[in-house]
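I opened a notebook to keep track of what I looked up in this structure, entry by entry. The sequence and the model come first, and my notes follow.

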Amino acid sequence: MSSRTADLLIVRAVRRGGPWLAVLTVTALAGAAADLLIPAALGRALDAVMRTSPDLPQTVAAAALLAALVVACDALGVLAAGVSGARAARWLRTRVVTHTLSAGTGLTRHLAPGEIVTRAGVNVEEAGRTPEAVVTAATLVIPSAGSVVALALIDPWLAVTLVAGLLLIVAVLRAFVRKTTAASGGYQEAQGQIAGMLVGALAGARTISAAGTEDREAARVLAPLPRLRAHGLALWRLQARAGVQAAVVVPLLEIAVLAVGGLRLSAGGLTVGELLAAARYVVLGAGLGSALGYAARIARARSAAQRLEQLFAVPPPAYGSRPLPPGPGTLELRDVTVRADGVRLLSEISFVVPGGTCTAVVGRSGSGKSSLAAVAGRLADPERGVVLLDGVPLRELGREPLRRAVGYAFERPALFGRTLGEAVGFGLPAHDDSTVRAAAVAACADPFVRRLPLGYATPVEEAPMSGGEIQRIGLARAFAQAGRVLILDDAMSSLDTVTERQVGRALTGSLADRTRLVVAHRVTTAAQADQVVWLEDGRVRAIGTHERLWADPGYRAVFQAAVSQAQEAS
C-alpha cells in the first residue's frame, strides 16, 4: 500500500476533528504567537528597568499577560486535542467496521479475524492521534520561523546562525520519520499476527485444554514475539539516536547564537535587552527539535494508516439496481469457477435448480461444497461464470431484493439480536411473532424455546442451548428470511436423527414452495432431494437422483467417509 494513499487517509481523519480541530489550531497558533512576543516583552521590560523608564509597569504587565495567554492556550489545547482525536478515531473505526462487515468473506479470506480486530482497535487509535500531532508539529514551525524573522530584525548575523542550525534539525527529523514509519509497520504487523493466532487459539480453547497442549499453543501464539521485540528495540534506538542528535545540535546552536550575540554586544551593535530577547528567540527557534515526539506519533500513524488502507483495498461486493422479477426461484449456475489465494476451489460448474425443488450437494471434504453454497447466494463472487436467479444475474440485483430472496443457514450459526425472537427475525425489515413462531416450528426450535421461562423473550446470552439447538435457531432464521431460495450449508450436522427427519419434512412440506440448495453429509438428506449434485475436486462428477447415483460405489463411499469423519470428530 503506497504511503501517499495512507497520507490521504490521515488527512481525511484530521478533517474529521470537527470544530475542536479549529479550536486546537487557534489555541496552538495563539500560544505560538504569544511565545514569540514574550521574549520581546521581557527584553523591553529589562531595558525599562535598566533605564528606570516610566513604562516599566506596562511592559511588565504585558509580559505577564502573554505568559497567562500561553498557559490558557496550553490548557484549552489539551482538551481540544483529546476531543478532536476521539472524533477522528470514531470516524476511522466506523469506516473500518462498516467496510469490514460489507466486504465480509472477501476480507476474512485474506486476513485472520484477530488481525482485523487489531487494525480496527490499536491501529485506529494510533491513526486517530494524528490531529494533535499534525497541528502541534505544524505550529512548532511558527516559533522557529518567527524566531528567524525576529533575530533578523535584531541582527541579521543572529538569524543566519539560527537558520544553519535549524537545517540540521530538519534533516534529523526527516530521517527519523522515514525510518520510524518502516519500523512501526513491522511492529504493528507482529502485533496483528499475535492477535490473530490468539483469537484462533481461544476459539479452540476446549480442544487445547483437553489435549493438554497449553504450553505448546502458547509458544505458537507468541512465536512472533522476538520479531515484535526486535522492532520495538529498533524504534527505541531510532528515537534515542535522534534524541541524542537533537540534544547535541540544540545546545550548540544556542551557544553559537549567543556567542555571535555577545560579539555584537561588545561591539555596541546590541543592547542588553536585545541580547536577552535573542537568547529567548534562539530557545524558541531550537524548539523545533522538540517535535521529535510528535514526529514519532506521525510516523506510527502513517504506518497504521497503511495497514488500514490494506483493509479498504479489499472492495465490498457491488450491487446492481435491477429488481427481482416474478418467478419460482429458479437458480442457475453457468460455468462457475472460483479461486481463493491462487487455489482453484470450483471449476466450470454448471447446473440448474428448478424453482420449488430441492437439490443436495454432496462430496468429500474439500470438494468445494461450501464454496458452491457461497456463490449460489452471492456471499462470494465467482472468478468466471455467472449465477442467475429467475434469469437475472445476481451481480445485477440490488442488495435488498437479493437478501430478501435468499436465506442462509450455516453449520455454526452466529446469533444476533437481544432475544431469541430477535435472533430468529434478524435481518428482516419487519416481522411479527407469527412469522418468528412459524419459522421456529419448521426448524424444530419452538418446543425448547417455549420451555424457557421467558420463551422467545429470553436474552440470547442467557439461553442455555446445545450445539444442535443453536443450529435450529440458525435454521429458523434462514426459514424466516428465505423468500425464494433457501441455502443450507451443512446446517443440520449437529441435529440428532429424529430432529433432522422432522426438519426434512418441513423442507418438503411447508417450505416446499422455495428453492432449496442443501449441502448434505447424510444419506437421509440426499435421499429426500429431487436431485443430487456430486462434487469431486471442485468439479461436477455427476448429477442425478439419489437412487440412480447410489449404484456408483464412489458415491456410496462419499457418505461412508462422512460417517467416519463425524465419528472421529465426536
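**Ground rules.** I am working with a predicted model, in which local features need pLDDT of at least 70 and side-chain atom pairs count only at pLDDT 80 or more, while totals for chains, interfaces and linings use all residues. Residues are numbered from 1 along each chain as its sequence is written, and side-chain values use heavy atoms, with hydrogens and water left out.

**Whole protein.** The C-alpha trace spans about 115 × 50 × 45 Å along its principal axes. I noted a radius of gyration of 34 Å, whereas a compact globule of 570 residues would have one near 25 Å; the radius is taken over C-alpha atoms, and the globule rule is 2.2 Å times the number of residues to the power 0.38. Of the 570 residues, 47% count as buried, a word that stands for under 20% relative accessible area, with exposed over 50% and partly exposed in between (1.4 Å probe, protein chains only).

**Helices α6 and α7.** I then turned to α6 (residues 130-139) and α7 (residues 141-154), which pack at an angle of about 5 degrees with their axes 4 Å apart. That makes α6 roughly parallel to α7, since angles under 35 degrees count as roughly parallel, over 145 as roughly antiparallel, 65 to 115 as roughly perpendicular and the rest as oblique. The axes are lines fitted to C-alpha atoms, for helices over the stretch in contact, and the angles run from 0 to 180 degrees between N-to-C directions. In this contact A137, A138 and T139 of α6 meet V141, I142 and P143 of α7, where contact means heavy atoms within 4.5 Å. I also checked how enclosed α6 is: seven of its 10 residues are buried, so α6 is largely enclosed by the rest of the structure. Among the buried ones are T130, P131 and A133.

**Helices α7 and α8.** What angle do α7 and α8 make where they pack? I found about 155 degrees, with the axes 6 Å apart, and that makes α7 roughly antiparallel to α8. On the α7 side the contact includes S144, S147 and V148, and on the α8 side it includes P156, L158 and A159.

**S184.** Leaving aside neighbours within four places in sequence, S184 is in contact with L235, A299, R300 and S303.

**T419 and V460.** I ended with two loop residues: T419 is in the loop between β6 (406-410) and α16 (420-424), and V460 is in the loop between α18 (446-451) and α19 (467-481). T419 is buried at a relative accessible area of 13%, and V460 is buried at 16%. Not counting residues up to four places away in sequence, T419 touches Y456, A457, T458, P459 and V460. With the neighbours within four places left aside, the contacts of V460 include L415, G417, R418 and T419. V460 and L420 are 40 residues apart in sequence and 5.5 Å apart in space, C-alpha to C-alpha.
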